[in-house]
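Biologist: I am new to this one. Could you show me how to read it, feature by feature?

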Amino acid sequence: MRVVPEKFEVYNGTDDYIVSPELKDIVNVAIALERPLLIRGEPGTGKTLLAHSIAKGLGKRLIVWNIKSTTKAKDGLYVYDTVQRLYDSRFGDKDVSNIKNYIRLGKLGEAFTSETQVVLLIDEIDKADIEFPNDLLNELDEMSFYIYETGETIKAKHRPIVVITSNAEKELPDAFLRRCIFHYIEFPDPELMERIVYVHHPNVRKELVWQCLEKFYELRKVEYLRKKPSTSELIDWIGVLIKAGITEKELADGIPFLGTLIKKEQDYELLTKEKGYSDERSYY
Amino acid sequence: MPVTLTEWLVFIEALQRNFAACNTKKFYYLARALLVKKINYFDNFDEAFLETFRDMEIPLDFQEAIEEWLQNPFEILHFLTPEERLRLLENANFEQFRKTLLEALANFKIPLEPSEALKKWMQNPRELLRMLTPAQRAALERLTLEELRRLFEERMKEQKERHNGGNRWIGTGGTSPFGQGGEHPTGISLASRTRSHSAIQVAMRRHFRNYRSDIVLDIRQIQLALKKLRNLKRVGLEEELDIEETIDKTCKNAGELEIVMRPPKKNRAKVLLLMDAGGSMDPYYMLVNRVFSAAYQLNKTFKDFKYLYFHNCIYDRLYKNMAFRESIATQEVLRTYDKDYKLIIVGDASMAHSELFARGGSIDYYNYNPTPGIIWLKRLKHHFEKSVWLNPVQPRYWYVNSTIWYISKIFPMFYLSLDGLDEAIKKLI
């Protein structure tokens, strides 16, 4: 018996985002199984951009919930603005009897009540308190939540496509992980990186890119760097080189504009003083 | 590798719906995404995958495997243990393997003059591998690596003309393009144009070996314990509505609304972590590292989190990094850190008696200490209101009259296990 793959909306990547075949498959599996997709990886591996690309590729609205260290799970559901209601009650020009007027939906609530299916990005979930993901378990499972003040249940009209990113700053709870589909984006190899560079700088000379990549991966191998240069720094650096009109020859021995690649002062000193890198252009 | 029933059922569902599309590579990523949720277990998964599929797939993808091997031989070999390597070679038809290799090299018009060892290894790898000690094997690998690197360099020059003005392309300044200590070898793979890794090759790379952790006490557990270290006080901006107080004030105001705000509760706990980074701590390196990362990741939760290192025992200087380069006077530490810092010392407290009791007892010959270590320990204990010592050495080795025993008379000492950590935290609150 041959099983025919069923039809569901298929994400195929977009022009401005290069996706590896395995990640593309995982995204589609997550959409089909209606489970949150948890994406981890080094900074600069395009975790956040993936959600943008999924939304663009499928033609859906993207709702972004940026997590901060102070974010609470409830913030994503709804906020009951008690103070506003109390104040309004003093003047009597607004209808304070209807508590609904003072319930404001959070990003999760917004995603649930949307008339069409949306892509919901919960960005950098590990920034919040370590109990945070556990507080969202039920809401993400059932795709619904209860508003105590009004006795109302908000249920998703269309299950949003949920993409969650994490920098692995904190360990996530097991119960949460069990419910997710997990993919770790590895740092792009030089070949993939070359393609990524062309997405951002389509007209740059190949020779220059190859040389930049060589320097870039060499720098990433230097030991004791506090912060390895990542994709965004490489893109910026190449941008600067193009603007400054640096030629391959000038790039031969030094790394001009090293400061674009290396952001930490200690790293910069380590490279220039101890490892003998130069941020000067070389002239022949 | 913990897999729950729910995860397994989802996996079965995915297979039934044919998401793997009868493709081993898709199957590999699908199974990993649905069953393995922590990078620490990726390597175990790779191992299990290899165990199951190794024998099935290698003959099928033989040609591809050779091409891959040619483009980047050590990417595969580097990540295998000698036994695994042996099995790979056993499974391959080695005569054909060698023939293809030689043919391919001939095609690239590279004069093949490998070193004696390389030649031998290619002729009969099993024999050679068996004869070598691990050290020799490592030496051979280095040698082979150099040789191969040269071949690749030449091949690339001829093939792609990527060199710009004869510039260095691979291995600048003698740094290995394959990375050190088993790091992901990306450098050289720039040369490869075809990148169709089969699933088995992906698994064989064993990229995630470094993430492995077979240790009981994981970071999350430590964090949960450390989080109990709380000293909640209301500080900062008044941004929370104090309902009780609002009702009170409004009543007193005869019903005219009076809103009272208050600042939210914040953790005021301050932590000073001192870690022994001496040689005797090496066996516990991972464990201590874990405690450190747990605390470090929590540093936003604490009002302040500071850490310093010492070497075996604490004397007149503490160090800012494990390389013992930058230091700070212990006296200075006592002066700058208030007594309400919670002091956590992590160390094995195991040293020669003289290191603890004698002047100039420091193991560091160049760091003569005029004051014995024990005096410094007592000063620290005296200065901080709450302090504990976490010891990775099992309590059954805390013998009477050992330095552990003497130090445990000064600091409340706890075994560095989950229970011990919990007890220690209780002591600190």
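Biologist: Let me start with a strand. Which residue stands opposite Thr165(A) in β8(A)?

Modeller: Ile39(A) does. First, some ground rules. Residues are numbered from 1 along each chain as its sequence is written, while chains are lettered from A and ligands numbered from 1 in the order in which they are written. This is a predicted model, where local features need pLDDT of at least 70, side-chain atom pairs count only at pLDDT 80 or more, and totals for chains, interfaces and linings use all residues. Helices (H or I, at least four residues) and strands (E, at least two) are DSSP runs, numbered from the N terminus.

Biologist: Which strands pair with β8(A)?

Modeller: Two strands pair if DSSP finds at least two bridges between them. Strand β1 of chain A, residues 37–41, pairs with β8(A) in the parallel sense, over four bridges. Strand β5 of chain A, residues 118–123, is also joined to β8(A) by four bridges and runs parallel to it. There, Ile122(A) stands opposite Ile164(A).

Biologist: Why is β8(A) described as largely enclosed?

Modeller: Count neighbours. A residue is buried if 20 or more other C-beta atoms lie within 10 Å of its own, exposed if 12 or fewer, and partly exposed in between; C-beta atoms are placed from the backbone. In β8(A), residues 161–166, six of the six residues are buried, so the strand is largely enclosed by the rest of the structure.

Biologist: How are the two faces of a strand read?

Modeller: In a regular strand, side chains alternate between the two faces of the sheet. In β8(A), one side has Ile161(A), Val163(A) and Thr165(A). The other has Val162(A), Ile164(A) and Ser166(A). All of these are buried, and both faces are covered.

Biologist: Now Val64(A). Is it buried, partly exposed or exposed?

Modeller: Val64(A) counts as partly exposed, because 15 C-beta neighbours lie inside 10 Å. Its place is in strand β2 of chain A, residues 61–66.

Biologist: What is Val64(A) in contact with, beyond four places in sequence?

Modeller: Two residues are in contact if their C-beta atoms, placed from the backbone, lie within 7 Å. Leu121(A) and Asp123(A) meet that test for Val64(A). C-alpha distances tell another part of the story. Val64(A) and Leu120(A) are 56 residues apart along the chain, yet their C-alpha atoms are separated by 6.0 Å.

Biologist: What should I look for in backbone angles?

Modeller: Most residues other than glycine have a negative phi. Glu34(A) has a positive phi of about 55°. This residue is in the loop between α1 (21–33) and β1 of chain A. Glu34(A) is exposed, because 12 other C-beta atoms lie within 10 Å. Asn18(B) also has a positive phi, near 60°. Asn18(B) is in the loop between α1 (5–16) and α2 (24–35) of chain B.

Biologist: How do I describe two packed helices?

Modeller: Give the angle and the distance between their axes. Axes are lines fitted to C-alpha atoms, for helices over the stretch in contact, and angles run from 0 to 180 degrees between N-to-C directions. Take α1(A) and α2(B): their axes come within 10 Å and cross at roughly 55°. The two helices are therefore oblique to each other. Angles under 35 degrees count as roughly parallel, over 145 as roughly antiparallel, 65 to 115 as roughly perpendicular and the rest as oblique.

Biologist: Which residues meet between α1(A) and α2(B)?

Modeller: From α1(A), Glu22(A), Asp25(A), Ile26(A) and Val29(A). From α2(B), Lys26(B), Tyr29(B), Leu30(B) and Ala33(B).

Biologist: What about α12(B) and α19(B)?

Modeller: Helix α12(B) covers residues 219–227 and helix α19(B) residues 418–428. Their axes come within 9 Å and cross at roughly 15°. That makes α12(B) roughly parallel to α19(B).
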